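Please look over the model shown here. The report below goes through it part by part.

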Amino acid sequence: MWIFKARLIWGIVAGAATLVLVVTGALVILIGGLASTEQSNQDQAESGCVGGTNAIQAGNLGPDGEVPEGSIAGFTTEQIQNARTIVAVGKQSGVPAYGWVIALATAMQESTLRNLNYGDRDSQGLFQQRPVSGWGSVADITNPVKSAQAFYGVATHTGNTGLLDIPGWRKMQVTAAAQAVQRSAFPLAYAQHEDEARALVAALADGVSAADLAATATDVACTIGMAGISTSVVRPIQAGLAVDNDNYGNSGSNWANMHTGNDYSSPCGTPVQAAHGGTIVLESGGSWGWAGRWLVKVQTAPGNLTTWYGHMQSLSVAAGQTVKAGQVIGQVGSEGNSTGCHLHFEVHPHGGGYLQDQVDPAAWLDKNIGKTLETTKQVGGLPGAGQVGASPAAVSGPQVRLAQANIKVSMSSSRYRSDLAKVMKHGPDFVSLNEAQSRSVSDLSVRGYGTYRASSDEYGTRSQALSPVVMWRTDRWVAVDKGTVQLTKPVTGVKNDNRYATWVVLASSDGSGRISVISTHTMTSPANSPQARKNEAQRGFAKLAGLAQGLQKYGPVLVAGDLNSPYPRNGGDGDPWGPKPLMTKAGMTSSFETLGAPPQGWATHDGGGTIDWLLGSSSTATPTRHATFKLDSDHHGLVGDFNIRGQ
């Protein structure tokens, strides 16, 4: 049970002192003080904030730290009374002090803290709630206590979503939390009242000392100013404040190759926050002009996860500064190559450059929001690397053998194992398998080999994400990193277009360095399909090329898979949307290009097509021989040897 000091509330009416009590029906609310110092300190501990640095300076304090009635500049007696009601309802309902700030800022925007009997359409009351939207009757909405209860989400007269129903509201900015309840056409309007609402809460503090007031104000300011800093992944723009354009991988006149990030449309000036913790890296000038005055990067560690933020109109950080997840780093703008206010957001899991290791930001966020990332992982500490912080050494000198086999998904388990045994007879260092989505762990298990494919828990047992598999000899190689990247999205009316690539970075067990292997099963050839399908194919091969280029920072890269685009036998680049022009641009060369037809002929499929490929990074992996071999599957096996050179 709460015990607090109650006092009489005096207002000035016609020059006489009048006792004011907030009474609704049988409800009498005695206005108490703000949360105690103990509660404030607990809130600060939860948010990771340091007390005392952001305290609101409230003037005209009385001897006990209170603000005398009538000294709040710019507010009428009616507004102060309504503010007290909002605060009192919040306190009685157990809402933390930060919630009172959000509620006051909302009422300031919606009604200027007046209990209006009019508004837009049927909106009325302090929060301009609408009967037609289920907020209650007109009598409920124009009752200050009930309308405040509805806003907080503790009312019995409405089941509408209130503040306490919003997951993580205490870690949202004021305007984002208010918008989550109000769903206004002007989602950023609440921000302009934030400072005034904080000052009003501080001024209305009752029965607390100046130290208590400062501590409480510090907590409120910290929660707002630091935007709910945490170590877990958050959205770069608060939920409800931006529209996802879902344009990762798009092609068009605005992009030289493909759109390497995702755009989030939001009014200029909207706060942008770090999606995760890390160190600020600023790029500007020259080739970075597309991003505006700066391209901001948040880097977890060299060669590790780095996110990019483009087109911002202002910055709140400096190069080399350490930031936490959720910390505001700048404001949305329309700088550089931009057609309107938006944030360009990219995700590079390996810290690669343009068109290197980027992945779909929306998919990455969906997978990682709320998760705590390892920000201290250093590539230099992994097998085959030099001193801590140094770039990992590339494998240099040995010859490696790579095999590719698309073993048909409809084959029985016994026939599958028979075909896999035929592949293993060639003694490959690495194996790429396709159409393995329905195969069991035992189907893919071979003594002396490690195996990686996407998780069925995440993608479902028949997802195309499970089609590509990478295998490696465990006596020579140790997997140090791996992942799965979506290359194409479904195209309306066309099946099998949702394709992926699986990759593994491997360190040599003798400590000589690293090599990366990618297995992919790309979409069915769209040669005779609509342009939309050809565009999606081109985006897919561009992403594959970007992945291969990004992994080259670790050393040689090998790519194998059923690419479903025939190798051009008569010169030229083949399909304009196909792999050859894009993989060449990424520094990758196919064994066909170097060696010509295998001794058994060009065909890698019973239908005669040359659609299974082996590729190596041009500067570090040179094919010396290749061959095809028969399988029960409709595809032939393909095997090649590569001489490896260090970078």
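## Basis and overall picture

This is a predicted model: local features need pLDDT of at least 70, side-chain atom pairs count only at pLDDT 80 or more, and totals for chains, interfaces and linings use all residues. Residues are numbered from 1 along each chain as its sequence is written, and side-chain values use heavy atoms, with hydrogens and water left out.

The protein chain has 14 helices and 26 strands. Both are DSSP runs, numbered from the N terminus: helices are H or I with at least four residues, strands are E with at least two. Of the chain's 647 residues, 53% count as buried. Buried means under 20% relative accessible area, exposed means over 50%, and partly exposed lies in between (1.4 Å probe, protein chains only). Among contacts in the protein chain with a separation of 6 or more, 68% come from residues 24 or more positions apart. Contact means heavy atoms within 4.5 Å.

## Helix H9

Helix H9 spans residues 361-368. Its buried residues are Pro361, Ala362, Trp364, Leu365 and Asn368. They sit on the same side of H9, because they cover an arc of only 160° around the axis. The arc is taken from the directions from the helix axis to the C-beta atoms. These buried residues pack against strand E5 (243-244), strand E6 (262-265) and strand E14 (342-348).

Both ends of H9 have a feature to note. At the start, a side-chain oxygen of Asp360 comes to within 3.0 Å of the backbone nitrogen of Ala362. After the helix comes Gly370, with a positive phi near 90°.

## His344 in strand E14

His344 lies in strand E14. His344 is buried, at a relative accessible area of 4%. Its side chain makes a polar contact with the side chain of Glu346, at 2.7 Å. A polar contact is a pair of N or O atoms within 3.5 Å; within protein, one must be able to donate a hydrogen and the other to accept it, and residues adjacent in sequence count only if both atoms are side-chain atoms.

Leaving aside residues up to four places away in sequence, His344 touches several others, including His259, Asp263, Trp290, Trp308, Tyr309 and His311.

## The six-stranded sheet

Six strands form an open sheet with mixed pairing, in the order E19-E20-E21-E22-E24-E23. Two strands pair if DSSP finds at least two bridges between them. The edges are strand E19 (477-486) and strand E23 (588-590), each pairing on one side only. From one strand to the next, the twist averages 20°.

E23 and strand E24 (residues 612-617) run antiparallel, joined by three bridges. Thr589 has Gly616 in E24 as its bridge partner. Helix H12 (residues 531-551) packs on the sheet and touches E19, strand E20 (500-508), strand E21 (514-521), strand E22 (557-562) and E23. The direction of H12 makes about 170° with that of E21. Axes are lines fitted to C-alpha atoms, for helices over the stretch in contact, and angles run from 0 to 180 degrees between N-to-C directions.

## Aromatic pairs

The structure holds twelve aromatic pairs. The Tyr459 and Tyr500 rings have centres 5.6 Å apart and planes at 70°, so the pair is edge-to-face. Rings of Phe, Tyr and Trp (its six-membered ring) pair if their centres lie within 6.5 Å; planes under 30 degrees apart count as stacked, over 60 as edge-to-face and the rest as tilted. Tyr459 is in helix H11 (residues 456-459) and Tyr500 in strand E20, 41 residues apart. Tyr459 is partly exposed at 26% relative accessibility. Tyr500 is buried at 7%.

Phe592 and Trp602 form a tilted pair, with 5.9 Å between centres and 50° between planes. Phe592 lies in helix H14 (residues 591-595) and Trp602 in the loop between H14 and E24, so the pair ties together parts ten residues apart in sequence. Phe592 is buried at 1% relative accessibility, while Trp602 is partly exposed at 24%. Ring pairs link Tyr567, Phe592, Trp602 and Trp613 into a cluster.

## Positive phi in loops

Leu113 is not a glycine, yet has a positive phi of about 60°. Leu113 sits in the loop between helix H3 (97-111) and helix H4 (138-141). Its relative accessible area is 0%, so Leu113 is buried.

Asn564 also has a positive phi, near 55°. Asn564 lies in the loop between E22 and helix H13 (579-585), and is buried with a relative accessible area of 14%.
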